[in-house]
Amino acid sequence: MCVGDRAGEQLSAWADEIADLVTAHGGKGAKLAVDRIEPDGAFALQDRGLEIIDDGQVTELARALKSADALDHTRLRGGHGPHI
């Protein structure tokens, strides 16, 4: 937004960096879950081989998993709160 006629250059550099990080940490064929993304950003990432998915599914799965500490905390409150 603030780079004027260099927007394409900046978008390319950003997409390269994101794709490199996702591949380095997730391996080839890794998916990238996003909350919101502008179309140009999504297209640039897809051009680099990333599959973009809605983060809603990932977030809901994470909410369903509770750590031992979270379960202990729920028990200490007398079992009130989210049911597991």
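Me: Hi! Quick one to start: does Gly-41 count as buried or exposed, and at what relative accessibility?
Reply: Hello! Gly-41 counts as buried, at 7% relative accessibility. Keep in mind that this is a predicted model.

Me: Which other residues of helix 2 are buried?
Reply: Besides Gly-41, the buried residues of helix 2, which covers residues 39-47, are Ala-42, Ala-44 and Leu-45.

Me: Why are those on the same side of helix 2?
Reply: They span an arc of only 165 degrees around the axis, and that puts them on the same side of helix 2. As background, an α-helix has 3.6 residues a turn, so residues three or four places apart point the same way.

Me: What does the face turned away from the buried side carry?
Reply: That face of helix 2 carries Asp-40 and Asp-47, which are exposed.

Me: And what do the buried residues of helix 2 pack against?
Reply: Their packing partners are helix 1 (7-26), strand 1 (31-34) and strand 2 (51-54).

Me: Which residue just after helix 2 takes a positive phi?
Reply: That's Gly-49, with a phi of about 90 degrees.

Me: Let's zoom out. How many helices and strands are there in the protein?
Reply: The protein has 4 helices and 2 strands. Starting at the N terminus, the order of elements is α-β-α-β-α-α.

Me: In what sense do strand 1 and strand 2 pair?
Reply: Strand 1 and strand 2 pair in the parallel sense, over 4 bridges. In strand 2, Ile-53 is the bridge partner of Ala-33, and Glu-51 is the bridge partner of Lys-31.

Me: What unit do the two strands make with helix 2?
Reply: Strand 1, helix 2 and strand 2 form a β-α-β unit, and it is right-handed.

Me: Which residues of strand 1 are on the covered face, and which on the uncovered one?
Reply: Leu-32 and Val-34 form the covered face of strand 1, whereas Lys-31 and Ala-33 form the uncovered one.

Me: Now the core. Which residues make up the largest nonpolar core?
Reply: There are 10 residues in all: Ala-15, Ala-19, Val-22, Ala-30, Leu-32, Val-34, Ala-44, Leu-45, Leu-50 and Ile-52. Helix 1, strand 1 and helix 2 are the elements that give two or more residues to this core.

Me: Which element gives the most to this core?
Reply: Helix 1 does, with 3 residues.

Me: What does Ala-15 touch, not counting residues up to four places away in sequence?
Reply: Ala-15 touches Ala-44, Leu-45 and Arg-48. Ala-44 and Leu-45 are also among the buried residues of helix 2.

Me: Arg-48 is a charged one I'd look at. Which side chain does Arg-48 meet in a salt bridge?
Reply: Arg-48 meets the side chain of Asp-16, at 2.6 Å, N to O. Arg-48 lies in the loop between helix 2 and strand 2 and Asp-16 in helix 1, so this pair ties together parts that are 32 residues apart in sequence.

Me: How exposed are those two?
Reply: Arg-48 is partly exposed, with a relative accessible area of 30%. Asp-16 is partly exposed too, with a value of 34%.

Me: How many salt bridges are there in the whole structure?
Reply: The search finds 2. One of them joins the side chains of Glu-9 and Arg-6, at 2.8 Å, N to O. Glu-9 is partly exposed, at 48% relative accessible area, and Arg-6 is partly exposed, at 41%.

Me: Last topic, some totals. What share of the residues of the protein count as buried?
Reply: Of the 84 residues, 15% count as buried.

Me: And among contacts between residues at least 6 apart in sequence, what share join residues at least 24 apart?
Reply: That comes to 37% of those contacts.

How values were computed. Residues are numbered from 1 along each chain as its sequence is written. This is a predicted model: local features need pLDDT of at least 70, side-chain atom pairs count only at pLDDT 80 or more; totals for chains, interfaces and linings use all residues. Side-chain values use heavy atoms; hydrogens and water are left out. Buried means under 20% relative accessible area, exposed over 50%, partly exposed in between (1.4 Å probe, protein chains only). The arc is that of the directions from the helix axis to the C-beta atoms. Contact means heavy atoms within 4.5 Å. A salt bridge is a side-chain nitrogen of Lys or Arg within 4 Å of a carboxyl oxygen of Asp or Glu. Two strands pair if DSSP finds at least two bridges between them. A crossover is right-handed if, with the strands pointing away from the viewer, the path from the first strand over the helix to the second runs clockwise. A nonpolar core is a set of buried Ala, Val, Leu, Ile, Met, Phe, Trp, Tyr and Cys residues joined through side-chain atoms within 4.5 Å.
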